[in-house]
Amino acid sequence: MKSEAMYIRLEGLTFYARHGVLPQETEVGAEFTVDLCLVTDFSYAAETDELEGTLNYAEVFERVKAEMDIPSKLLEHVAYRIARRLLHDFPALTEVQIGVYKQNPPMGADVRRVGVEAVFGR
């Protein structure tokens, strides 16, 4: 049996970080959410039940956390850095679909969150 597509999803990763253009955003910080859809062939893990054939979710989380700890002005830059790091650190990845969202942004509007979504590949 052959799979047409395989995805690993990490949704709703929540971080407190200091991303933003305004001084208060980098001083006070805010809550951010990251959603990932990682494209990789995990058929070996599916067949053998062995971790070596897939991605370790905890290791992926640690890479995302490390990038979220680095302040940036723009969410676009944060998303790029996370995707670049994941593609570098996990050679089995062929594509990273990412969403980075700021909860309750200081923009004078009644909005739950704002964010960016992108797809990065090799």
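This is a predicted model: local features need pLDDT of at least 70, side-chain atom pairs count only at pLDDT 80 or more; totals for chains, interfaces and linings use all residues.
Helices (H or I, at least four residues) and strands (E, at least two) are DSSP runs, numbered from the N terminus.

Residues are numbered from 1 along each chain as its sequence is written, and side-chain values use heavy atoms, with hydrogens and water left out.

## Overall layout

The chain holds four helices and four strands. Read from the N terminus, their order is β-α-β-α-α-α-β-β. The C-alpha trace spans about 55 × 25 × 25 Å along its principal axes.

The chain has 122 residues, and 38% of them count as buried. Buried means under 20% relative accessible area, exposed over 50%, and partly exposed in between (1.4 Å probe, protein chains only). The accessible surface comes to about 7500 Å². Carbon and sulfur atoms own 51% of that surface. These areas come from the Shrake-Rupley method with a 1.4 Å probe; for residues, only the protein chains shown count as cover.

Contact means heavy atoms within 4.5 Å. Among contacts in the chain with a separation of 6 or more, 57% join residues 24 or more positions apart.

There are 13 positive and 20 negative side chains. Lys and Arg count as positive, Asp and Glu as negative; His and the chain ends are not counted. The centres of the two sets lie 7 Å apart. Each charge is placed at NZ of Lys, CZ of Arg, CG of Asp or CD of Glu.

## The α3/α4 pair

Helix α3 covers residues 57-68 and helix α4 covers residues 75-89. They pack at an angle of about 145 degrees, with axes 9 Å apart. Axes are lines fitted to C-alpha atoms, for helices over the stretch in contact, and angles run from 0 to 180 degrees between N-to-C directions. The crossing of α3 and α4 is right-handed. On the α3 side the contact is made by V60, R63, V64, A66, E67 and M68; on the α4 side by V78, R81, I82, R85, L86 and D89. As for handedness, a crossing is left-handed if the near helix is turned anticlockwise from the far one by less than a right angle, and right-handed if clockwise.

R81 sits in α4. It counts as buried because its relative accessible area is 6%. Leaving aside neighbours within four places in sequence, R81 is in contact with H19, E67, I70 and S72.

## Residues in and beside the strands

M6 counts as buried, at 14% relative accessibility. Beyond its neighbours within four places in sequence, M6 is in contact with L38, V39, T40, D41, F42 and S43.

Strand β2 covers residues 30-40 and includes D35. D35 is partly exposed, with a relative accessible area of 21%. Not counting residues up to four places away in sequence, D35 touches L10, E11, G12, Q97, I98, G99 and Y101.

E31 is also placed in strand β2. Its relative accessible area is 42%, so E31 is partly exposed. With neighbours within four places in sequence left aside, E31 is in contact with T14, F15, Y16, Y101, K102 and Q103.

L93 lies in strand β3 (residues 93-103). At 1% relative accessibility, L93 counts as buried. Residues up to four places away in sequence aside, L93 touches L38, V39, T40, L55, L86, L87 and R122.

| Pair | Separation along the chain | C-alpha distance |
|---|---|---|
| D35 and E62 | 27 residues | 14 Å |
| L93 and D41 | 52 residues | 7.9 Å |
| M6 and E27 | 21 residues | 40 Å |
| E31 and V119 | 88 residues | 23 Å |

## A loop residue with positive phi

D49 lies in the loop between α2 (43-48) and α3. Its phi is positive, about 65 degrees, although D49 is not a glycine. Most residues other than glycine have a negative phi. D49 counts as exposed, because its relative accessibility is 73%.
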